[in-house]
Amino acid sequence: MPALKDATNPYHKTSFRHRLIHWFEHNKRPLPWREEKGWYPIFLSEFLLQQTQVEQALPYYLRFRNRFPTIETLAQATEQEVLTLWAGLGYYARARHLHKAAQTIVSRHGGLFPDNYPEALSLPGIGPYTASAILSIAFNRRHAVVDGNVVRVISRLFGIGADVRLQNTKQVIRETVEDLLDPESPGLFNEGLMELGATVCKPLKPHCTNCPLQSYCNAYRYERTAQFPYKSPPAPKKLNYHYVFIVHNSGRLLLAQRPGKGLLAAMWEFPVIAVESMQPRKEGAIRQLLFDHYGLEGVIHSQTSLHRQTYSHIELHYTAFLADVKANAAQLRHYRQMKWEPLGRLQQYPIHNAHKKLIHWIEHVLEAMG
Ligand code: SF4
């Protein structure tokens, strides 16, 4: 069978679509948003799945679906409730966008997802990918969806060796998917292509022997699957260094809410101080830093080893100190607000991942301190 690129005969496109959709209908993973009717489960899952694997997003989907069974309940929630439920998944801007999109759908569209591309695209947090995914899967509209899985499958099928980070290459791939898209069943076609990438045409070891599209595939035919897609190395991330202060006073810990804009906006954390490097400092110097920044005087009890957390453009290195302080009036600095809370109440706050990881250590140290 000729590779698709050579196939000017529409028969090849038709049989390609049929094979893909037939395979998808018989092999798709039984995910809850696929089992349910209506657009709301698709809408919710598309927000949760951005830059996240299905396995990781699944428990969050179930939690959100249970807590917010309708778009109205989600719209009525507070931002803090949504962020708290989202905590641990990362990319918190998505949580705020999900919440704002729900509010816009309720206030401007009467609680119904706008089933046309320009209005869908105007919703908070909905870009071309999410708009196309929701419209094609939930409303069977003819919009091609291109995610990382689709890029991989298409570059292998057609032997596209250009750098997939480049806009030009992305455009070629988008046009290719638009050309292949099944006009009768665009949603099933899109889901099929994404599912094939996620479960068969895997990055390192594609299961070509189980692939319904094998006979169309250039990379398979020339035994070059490992060479596609080509992705140039990413730009190096900026290194940031933080001292994190677990400030303790009379059985309570100091929590701080980050500003409403920027990285981890409106999330909660333990107060931090940005430093130039992680080179060791004497205890006196660390106490002085705490006093200079937050006006808190105290004793440093313990310190963690070095932790790392990666964000899209930043790699954060941090170490935490448990500081027992005398008074509980702290300077706000750049934070929105601060609160003193007992350890048992921390789970009620949307604390971002890097600091959430410290809670187990805090429990341990506080217990040892008695
Ligand atoms: Fe991917 Fe292999 Fe299928 Fe080609 S034959 S699309 S490389 S799984």
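Predicted model: local features only at pLDDT ≥ 70, side-chain atom pairs only at ≥ 80, totals over all residues.
Residues are numbered from 1 along each chain as its sequence is written. Local features need pLDDT of at least 70, side-chain atom pairs count only at pLDDT 80 or more, totals for chains, interfaces and linings use all residues, and side-chain values use heavy atoms, with hydrogens and water left out.

**Exercise 1. The largest pocket**

Task: Find the volume of the largest pocket, and say which residues and helices line it.

Solution. 
- Step 1. On a 1 Å grid over the protein atoms alone, a pocket is an open set of points with protein on both sides within 12 Å along at least five of seven lines; a cavity is a set of points where a 1.4 Å probe fits but cannot get out; lining residues have an atom within 4 Å of a point. Grid points are joined across faces, edges and corners, and a volume is the space filled by probe spheres set on the points.
- Step 2. The largest pocket has a volume of about 1,900 Å³. Its lining has 46 residues, and Gln 50, Gln 51, Asp 147, Gly 148 and Asn 149 are the closest to its centre.
- Step 3. Assign helices. Helices (H or I, at least four residues) and strands (E, at least two) are DSSP runs, numbered from the N terminus. Those that each supply at least two lining residues include helix 3 (40-49), helix 4 (54-67), helix 10 (148-158) and helix 12 (186-199). Helix 12 gives the largest share, five residues.
- Step 4. Sort by class. Ala, Val, Leu, Ile, Met, Phe, Trp, Tyr, Cys and Pro count as nonpolar, Asp, Glu, Lys and Arg as charged, and the others, Gly among them, as polar. The lining divides into 19 nonpolar, 13 polar and 14 charged residues.

**Exercise 2. The second largest pocket**

Task: Describe the lining of the second largest pocket.

Solution. 
- Step 1. The volume of the second largest pocket is about 440 Å³. It is lined by 25 residues; closest to the centre are Gly 90, Tyr 91, Tyr 92, Tyr 311 and Ser 312.
- Step 2. Helix 7 (93-109) and strand 6 (307-310) each supply at least two lining residues. Helix 7 gives the most, with four.
- Step 3. By class, this lining has eight nonpolar, 14 polar and three charged residues.

**Exercise 3. Two helix pairs**

Task: Work out how helix 10 packs on helix 12, and how helix 4 lies against helix 6.

Solution. 
- Step 1. Axes are lines fitted to C-alpha atoms, for helices over the stretch in contact, and angles run from 0 to 180 degrees between N-to-C directions. Angles under 35 degrees count as roughly parallel, over 145 as roughly antiparallel, 65 to 115 as roughly perpendicular and the rest as oblique.
- Step 2. Helix 10 and helix 12 pack at about 85 degrees, with axes 8 Å apart. Helix 10 is therefore roughly perpendicular to helix 12.
- Step 3. List contacts (heavy atoms within 4.5 Å). Asn 149, Val 150, Arg 152, Val 153 and Ile 154 of helix 10 meet Leu 193, Met 194, Leu 196, Gly 197 and Ala 198 of helix 12. This contact has seven nonpolar, two polar and one charged residues.
- Step 4. The axes of helix 4 and helix 6 (residues 79-86) come within 10 Å and cross at roughly 150 degrees. So helix 4 is roughly antiparallel to helix 6.
- Step 5. Tyr 60, Arg 63, Phe 64 and Arg 67 of helix 4 contact Glu 81, Val 82, Leu 85 and Trp 86 of helix 6. The classes are five nonpolar, no polar and three charged.

**Exercise 4. A strand pair**

Task: Trace how strand 6 joins strand 7 (residues 314-325).

Solution. 
- Step 1. Two strands pair if DSSP finds at least two bridges between them. Strand 6 and strand 7 have four bridges and run antiparallel.
- Step 2. They form a hairpin with three residues between them. Gln 309 has Leu 316 in strand 7 as its bridge partner.
- Step 3. Look at Arg 308, which lies in strand 6. Leaving aside neighbours within four places in sequence, Arg 308 contacts Glu 315, Leu 316, His 317, Tyr 318 and Lys 357.

**Exercise 5. The cavity**

Task: Locate the largest cavity by its lining.

Solution. 
- Step 1. A search of the whole structure finds one cavity of 30 Å³ or more. The largest cavity has a volume of about 110 Å³.
- Step 2. Of its 15 lining residues, Cys 201, Cys 208, Cys 211, Gln 214 and Cys 217 lie nearest the centre. Helix 10 gives the largest share, three residues.

**Exercise 6. Backbone features**

Solution. 
- Step 1. Most residues other than glycine have a negative phi, and most peptide bonds are trans.
- Step 2. Pro 229 sits in the loop between helix 13 (218-221) and strand 1 (238-249).
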